[in-house]
Amino acid sequence: MKNVSIVAEGGGTKIAYTAGVLKCFLEEGILVPYCVGISAGAEVLLPYVSRQIRRLEVTGIEAPSQKGAVGLSAWLKEGSIFGIESTNNFIQKETPLDFKAFYGSSTAMDTGLYNMEEHTIEYFDKSYVDPSMTLIKASCALLLLTKPYQFQGKKYFDAGLVDMISIRQAEKHGCERHIIISTKEEGYVRKKAPGYQLWLTKMVYKDPQIVDDLRHRHERYQEQ
């Protein structure tokens with residue numbers, strides 16, 4: 001398993017499939033030395049690193065299915081369509097992350113964020129994951145659907161605006177072989193962002209670079 005990575009794509013509730021793959025890996029003793037993910041992909045990698053099969057089930061299936069995770073209730077409580085705080089609280093209540101096992105695990109982990117000020121993707125290793133879960137929450141802060149998060153003195157949201165499949169980060173880490181867990185169907189081709197989405201992004205963020213990144217997202221996805 002030397003120089004092998006797991007690259008976990010985001011995908012919202014579709015990470016139920018990713019959780020199933022990772023559960024199988026843990027059951028079969030398939031332990032890689034490095035993993036990297038963005039958005040929900042990062043969330044579901046936490047229990048793989050800490051070797052908590054039950055937390056995989058909660059993260060992948062039960063948490064997204066809870067009442068109020070998405071929709072009006074989340075908007076009233078958090079001002080976002082997707083309730084990141086309530087989802088994180090549910091996971092932590094049902095199956096708290098075993099931080100001792102997580103930090104002591106033989107598997108390293110990186111989580112990607114989009115830096116809103118510098119318009120760059122930054123990756124943070126697992127030492128930045130703490131009980132507040134701010135790093136993971138920021139990674140799950142979807143464009144337009146949730147509010148950005150303050151982390152390390154800067155404002156961040158989901159890295160999926162630029163890095164949807166973090167293959168380059170895995171290569172930078174020195175990995176030569178990769179297990180890429182996609183949440184898209186075989187043969188998937190990402191379409192251009194529709195005009196209304198570009199307009200909304202312009203109105204909400206008032207940042208031409210963020211709009212431009214969205215405009216070219218489908219091209220980067222195909223490259224990755």
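The legends below describe close-up views of a predicted model.

**View 1. The largest pocket and the residues at its centre.** The space in this pocket comes to about 590 Å³. Its lining has 23 residues, of which Gly11, Leu142, Asp158, Arg190 and Arg217 are the closest to the centre.

**View 2. Make-up of the lining of the largest pocket.** Strand β6 (154–158) and helix α9 (195–205) each contribute at least two lining residues. Sorted by class, the lining holds 10 nonpolar, 7 polar and 6 charged residues.

**View 3. The second largest pocket.** Its volume is about 340 Å³. The pocket is lined by 19 residues, and those closest to its centre are Gly12, Thr13, Ala40, Phe82 and Thr87.

**View 4. Helices that line the second largest pocket.** At least two lining residues come from each of α2 (40–50), α3 (53–65) and α5 (84–94). Helix α5 gives the most, with 4 residues. In this lining, 12 residues are nonpolar, 6 are polar and 1 is charged.

**View 5. A nonpolar patch on the surface.** The patch is formed by Val70, Leu72, Trp75, Leu76, Ile81 and Leu145. Together these residues have about 630 Å² of accessible area.

**View 6. Trp75 in helix α4.** This helix spans residues 72–78, and Trp75 is one of the residues of the nonpolar surface patch. Trp75 counts as partly exposed because its relative accessibility is 48%, and the partly exposed class lies between under 20% for buried and over 50% for exposed.

Key. Residues numbered from 1 in each chain as written. Predicted model: local features only at pLDDT ≥ 70, side-chain atom pairs only at ≥ 80, totals over all residues. Heavy atoms only, no water. 1 Å grid on protein atoms, 1.4 Å probe; cavity = no way out; pocket = protein on both sides within 12 Å on 5 of 7 lines; lining within 4 Å. Points joined across faces, edges and corners; volume = space filled by probe spheres on them. Nonpolar A, V, L, I, M, F, W, Y, C, P; charged D, E, K, R; others polar. Patch = residues over 30% accessible without salt bridge, like charges linked within 9 Å, V, L, I, M, F, W, Y side chains within 5 Å. Areas by Shrake-Rupley, 256 points an atom, 1.4 Å probe, with all protein chains shown as cover. Salt bridge = Lys/Arg side-chain N within 4 Å of Asp/Glu carboxyl O. Buried < 20%, exposed > 50% of the residue type's maximum accessible area, 1.4 Å probe, protein only.
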